[in-house]
Structure formats: C-alpha cells, structure tokens
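Reader: Please take one part of this model and look at it closely, and then go on to other places in the chain. I would like the cut-offs behind each term spelled out as you go.

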Amino acid sequence: MELRHRGNRSDNIQQMETFQIDEKSSDTKDEAVRNRKCLPAVPTLLGSLAVLIILNVFVYYMDNKLPNVETNNNSTNNYFDGKRAMSTLIKLADLGPRPVGSYANERLAFDLLKSEINDIRNEVGNVYDIEMHNQKVNGSFVLNMKNWMYLLSYEDLKNVVVRIDPGQGATDAVLLNCHYDTVPAGPGVSDNGVNCAVMVELLRILAKTPSLRRPIIFLFNGGEEIMLQASHGFVTRHPWSSSVKHVINLDSCGAGGREILFQTTKRDSYLVDLYARTAPHPYGQVIGEELFQSGIIPSDTDFRIFRDFGNVSGLDLAHYKNGYVYHTRHDDLDRIEPSVLQNTGENLLALAKAMSTHNASTNSTRSKYVFFDVFGVYMFSYTELSGAFANFIIVLLSFFSIFLSLKFTTVGMNRREYSLHLLTAIVSPGCTIVAAVLSCLLVAFALDRHGCSMSWYTNRANLLVYFGTATWSILTVAAYYPKIRSRTDAEWTVTMLNGVQLFWTTLLFVATMASLRSSYLFAVMVLWPSVASCTLGILNAGRTPAVWIAGYAASLLVPAAFVLYLTQMFASLFVPISGRLGPNINPDYVIGTLMAMSAYATVGHLAPAIALVNRPRPVLAGLGAAILLTAVAIVAVRPIGFPYSSTKTEQRIDLIHTRRAFRDFGGDVRHNDSGYMIVNWDRQGPRTVADHVPNATLIDCVSELMCGSPVTGSLAYHTHWLPGRPVPPSQRSEATATVVVNEDDERRRRIAFNVTGPERVNVYVSPYPGTRLKSWSFEGEPKVTTKWMGNDVYVIKHSSGAGRAAGGLQSVWSFWLEHECDRGFNEMSLNVTLAYSWVIHKDLVLDDEFSTFVDSFPRWAHVNIAVASVEAFVY
C-alpha cells in the first residue's frame, strides 16, 4: 500500500512537472508571437508618407478653392457679378500707385469713385435714398504702434462716403470700409483696390435690395497707408459716424485667395455667429485673432480706429495669400482673378443683408466668441463660456477613455511596475516635443550662422528640413522609450498613445483655464481619439491591442488633416511676413517652431506605434542622413537655399537719398552731410548691404536724436548710411520757427512752427533734463513715444493730402509746442528735429548718382526709393 502510494505520488508529481514545463513553453511561444514586429520598416515609412501627402493635397485644394464667377446679365437680379467688379478694379489699377498727397489719389481715384457711384445712383433711380458726401478732414490723435506712442497729424485727407437709407425708421447703421490709397511702391490692386471694387458692386446690388431695414454706409477712405488717419477723420468728424453700430472692415496683406475673418470685438460678438450662418464661404480662425492682437504680425487696419475711437463693434476681414507682393510693385492685376472678387462679394453681400435686417436687441452679448472654419466649408461659432463647458466635457471624456484602455494594458502589474508604467507614459510626450522643438531651433541656428536663414522664403520645399528634423527627433525618441518587460509591444504602444492623448488633454485644460479661445485646437486634437478610444473600450477591443491601435490610428486622420490645414494657412501668412520682420529677428526660429508643433500634432500623435515596426533604426538613420544632406545642400548649393527670386519673392530694401543739417544752440550749423540711408527689412538685409554696398556703415544713433533719420520705429536702428552727393535743390524744404516767450512766466515758453514741406513730415521733440513738454497744438496731452539717451522723445507724424504733388498750392503746416524749463531759457532746453520725406515716385528728382546706385542692386531686390531732408534744432 505504501509503495504503491508513493509510486502514485511520484507519477502525479512527474505529470505536474511535465505540465508546468509545457505551460511555460506555451507562454514563451505565445509571448514571442505577441511581441512579433508586425510592421515592416520601409513600407510603413512609405505608407505614412503617402498618407501625409494625400492629406496635404486635400487641405491645399480646400484652402485654395474659390467659387465660379457669376455674370449678372439681368441688372435687376441681386447676384454679385465678379466680372463687373473686376472692371472697376481695372480702372483703379490703371491709375498706378496712389499714395496720399499724390495727384493719382487726391484727384483721379477720388473722381473715379465718385463717377462710379453717380452712375449707380442714376441707374437705381428712386428705389432708396442714396446720399454721397465728399469729405475733407483735418485732425490729430495718439496711436500706439508696437509700443511707440505716435502723435499722428493730418490735413486735407479725402473720403468718399455713401449712405443707403431704406427709410424704415432705423437709425443704427452698418458701415463697410475700404481704402483706395496705396503705398508709393505699387498700384495696390489687392491692397486695397479689390475690396473697393467689391464695395462698388455691393452698392449697386444693395441699392436695389428691397429687404433692407437699417441704413448701410460705404466709406471709401483715402488715407489708410499713413497709419489709419482718414478713417479717424470719418469717425471723429463726419455726422453719419454717430449712427454707425456695426462695421465690416476690408483690407489686405497679400494678393488673392479667400478673405479671412481675423478680428472681432467683444461687444456684439454675436456678429461672428451671424457671419458663420450667412456667409456662403466662411473662412476664419480665432487663433489668428489672438495672434494678430498680440502684436506678432507687423500690421494694423482701420478696424482698430472704428473700435477704439468710434466704439463700434464689427468684423475685420483681409486677403493674406501671396503676401510676398504686399506693398510692392507686384501687387498688380496679374495676381488677382475674378474668382477672388466673387468669393469676397458673395460673402459680403450675404453678411451686409443679414446685418441690416437682424434683430440686434435679442442677441446683444459681451461674451467673446470662439470661431473656426473646417476646410472653408463650415464654420463653428459659439460663446467662450459654451466653449469652456464643452472643453471640460471633452477633458472628462478623454480621462474616461484613457481609464478604459489602461484597464486592459496594466492587468497583473505590481505597484512598482504600474507607477513606472504611468510615469513613462506621462513624461515621454513632453520629452518628445521638447526634442522636436530644440532640434529645429538648432538647425535654425546653424543655418543662420552660415548666412542661410530664410532658405524657404522662395523654395517652400525647404520647410521640409524643419518638418523632417522634427519628425526624425520624434520617432527617434519614441524608438528609445524605456519599456516594462512584462508588457508586450502592442500593449506598450497602447499605453504610450494614451500618454500622448493625456498630454493634449492637459494642454486643453490649461488653455481653457487661461481663457484662451484658441484652445479649440486642442479640443479637436483630443475629441476624436477620445471618442474612438471610448468606443473601442466599450467594445472590449482592448483585449486585442492590434485592433485597438488600428481603430485609434484611423481616428487621428481628422485632427491630422485639420492641423495640416492650419499649418498651410499659417505658413502662407508667416513665410511672406518674415520678409519684413527686421534684421534683429531670426524668422527661422519662428518657422522652425511652427513646423515642430505641426510635426508633433500629426506624426507625434502616432509615433509610439514605432514599437511595432521591425528594425526601425536603419530607416531612422537613413531619414536623418537625408535631412542632413538637404541642410548641407541649402548651405552649399546657392539655387537651393537662396531666399529670393526676381519675380515676386524679392528682398525689400528702402533707399532714401537724404540731406542732413544739425544746428547748435546758437543756430549755427555744426554738422551737415548728404548720403543714402539703406533700410533693412529682413534678416538677410545686413548681409546684402555688406555684399553690395561694402562702404556703408551702421547709422549713428547715439550722437543725433532718432539717429538723424526720417525712418521711425525699430527699423531706424538697423539702417545703414552711405555718404553721397547732396539732394537736388528742387526737393528741399525749409522750416521756419518763431520763438515766443510767455511774458508772465520766464520758465515757460511756446515755440510756433510754420513748416513748408512735402506730403510727409516727421517731428522729433526731446526735452533736456529739467525741461518738460507741457502742451501742444494737437489734440490730447503729450505722450512719450520712446527714449533717447535717457531723455523722453515725442514723435509727431504729419501727412497732407494737399500741395503741389496733388495739383494744388504749396501747403504750410503750422503747429506749436509749449515747454517748461527749471533753469530758464539761457541754455539748451529742447531738441527739435524735422524730417521731410518725398515719396511719390513719379515726382521724385533723381540725380545720376542716385539712379546708378538704385540700378546697382541685384534683380532680386525690391528697392523702394524716397528723398528726405533732416533739419535739427536746439532751443
């Protein structure tokens, strides 16, 4: 019995041992199968690249899609006729450049618009009461431009103002605004002839529209390019301005494409929703508004004047594509197709009708709106509070989806493994994006050190250097993520994907708490994978990680396409803008960071799946080598990395022939010279000057007030000076100053100036220590603009629409300054510099030296010329 019992136990134990060995072998084999790399490296790379290309082609098509041009054969139909608007634009373009003070602006364009409007009035008859005012305005105001508080003064600027009154008893009006003046360098077809032509056609249609309830005012203003002065004249001087409730401002910083909604007001922000519901081609992103109002973009529009000085609510729209031609001679008819006018006209026609008929009293709100379009097809708009509520719901949904997937991927872990597992998933996304950004910044630094910044300015394909660098960094970091051995590759991939989702969820929560309306972008990034993850979790797809990963990856196509859509929009905006950021900013840092963020939001979201790729490191090495070779080619091969071309992507350079005279306290000239000021607009500007004008030196900004330059703002400090011949005498102006001492107080006096000069004059006033500028003949109290050698500086910028260039008599500008000095006036108390600028190209008198100098610049340089005279006084 005992032996038999032992024998049986021995047999049982042997059977158990055999069973255990078989079970372990089976588990090892199963784990090997589960850890098998299921994705081949090269096909996976090529497939991913194909998906990115397809998505980019799709969003490019949607972003550039324009409507067909309508031809209105029946004049009674209320359809926008793009071809008829184009005929008006051609008439404006034929006038050439129209700077303020020129005959083309003050006479020809002004008369052309009046003629077009009179034709419409005669065509319409007595359908509506249509009034037209020819306004001439004078005034002054203080405007903060990039933290420089300028005093802007203007005389004899012109506006054409038209009002359609439906006679329904409503007093609050809708205002549409464009400007018909241009910069001296170009004909301004897009900036802003397109929108003025559209407004003329809108006037023709709305004058025959029977359903209007509120009056509609059309403002064709003749002075926007001189820092928004003519619109200020309308807001503060015209009797109709008090009736304006809403404004639609139209402008441009490019040529062609769709007009984008990029600014709104907090008051009556429901107008955004009105635009979203009525415009047939809605286009706009609230992130653009937040960027524009942050001051990053070096531009401003009349919208600011209506908002800040007229207390008017409304919408600001502008064309921005092809910004290379902005303020250049290339802003011509060749850049504009009738479909551009058709798109703008259809949107504005629907919007103007809606704003004229809607019931404002039921919609009034002071809550800002979140708005964004989806591929130009549909626009979402909702209040900031609703957006915050929706964002928090998405955050909760995301946390729930992460919980569901972790429930399957952390089974059987001990506490230490679980903590390490979560910590890796949380920290890795942050490390990845930091690596992507830093690698792009390193490339930007290296290219800039080799003189190859802005290599993508003409050749957009060079942007792939930054996108590829960021992608390589993201995938390399993901390939080396530390992994817990007890988890299979598929389970680990699921966990890391959840870590990326948690990263975007955190950004969504933080941006929402910070009241950033652009948090909608993070909401888009989180919503789709959260819904997919919840659905897969509820269906228990987590038990089969490969199925879960496939479903999750499919859900990322929508946010990836949306990110690429935004990337193309911002690249279209910021790449041309980099040509006018000034030489002290390396735009490659901006572009590199943008590309890094785009790469992480597209490639980075799915980067953890590299754990499933068989032998990815050779492919990563090949990708890195390709990026390095491309960077080397940019440096070594000039056609590949050179930023400019002679067609439209030219380098901006201002060349100003200047005469200067500096007087001492006794009125004697202590120094005078003549030469050329070379204004550098971009990062490559100093290198271009060094190569082509080696004798030029950086202007002296220490010895003379405001560098003794007619240029203001930050560009003045990066201007070069090259000695040359004196300015031709026919372009000199003299300033006469009469000093009047207050008889009741010997420490306070008034200096009166009578200035005879060109269409633009700058005045710089800097009191010595112990002296204070107390008042002046302009509106408001004196505001300090900037500092010079520790002393306050006041900058006055004056523009005139009258004078010889405009076909009139020589104008005289009179103003006075009153200052107080603790020491009396027997010694120096006040520095005053007057800088005169002749900018109307066809009226400029150039000597042979100046003409030869202009022609010596390379063909890819857009040289904008002017003549100036600087007179400095000490009182």
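**A close look at one loop**

Author: K146 sits in the loop that joins β2 (129-145) to β3 (148-165), where strands (E, at least two residues) and helices (H or I, at least four residues) are DSSP runs numbered from the N terminus. The model is a predicted one, in which local features need pLDDT of at least 70 and side-chain atom pairs count only at pLDDT 80 or more, while totals for chains, interfaces and linings use all residues. Residues are numbered from 1 along each chain as its sequence is written, and side-chain values use heavy atoms, with hydrogens and water left out.

The backbone of K146 has a phi near 55°, a positive value in a residue other than glycine. N147 also lies in the loop between β2 and β3, and its phi is positive too, at about 70°, although N147 is not a glycine. With a relative accessibility of 56%, K146 counts as exposed, because exposed means over 50% relative accessible area, buried means under 20% and partly exposed falls in between (1.4 Å probe, protein chains only). N147, at 66% relative accessibility, counts as exposed as well.

N586 is buried, with a relative accessible area of 5%, and, leaving aside residues up to four places away in sequence, N586 touches A444, D448, S453 and R683, where contact means heavy atoms within 4.5 Å.

D673 belongs to strand β13, which covers residues 669-680, and at 17% relative accessibility D673 counts as buried. Not counting residues up to four places away in sequence, D673 touches T658, R659, R660 and W721. The side chain of D673 also makes a polar contact with the side chain of H671, at 3.2 Å; a polar contact is a pair of N or O atoms within 3.5 Å, and within protein one must be able to donate a hydrogen and the other to accept it, with residues adjacent in sequence counting only if both atoms are side-chain atoms.

Turning to the backbone of a helix, N192 is found in α5 (residues 189-206), and the peptide bond leading from D191 to N192 is cis, with omega near 15°.

Two other helices meet in a crossing: the axes of α3 (residues 82-93) and α10 (residues 338-357) come within 8 Å and cross at roughly 115°, the axes being lines fitted to C-alpha atoms over the stretch in contact, with angles running from 0 to 180 degrees between N-to-C directions. The two helices, α3 and α10, are therefore roughly perpendicular to each other, a label for angles of 65 to 115 degrees, while those under 35 count as roughly parallel, those over 145 as roughly antiparallel and the rest as oblique. G82, A85, M86 and L89 of α3 make the contact with P338, L341 and Q342 of α10.

As for the chain as a whole, it has 22 helices and 24 strands, and its C-alpha atoms fill a box of roughly 140 × 65 × 55 Å along the principal axes. Buried residues make up 58% of its 875 residues. Of the contacts with a separation of 6 or more, 82% are between residues 24 or more positions apart.
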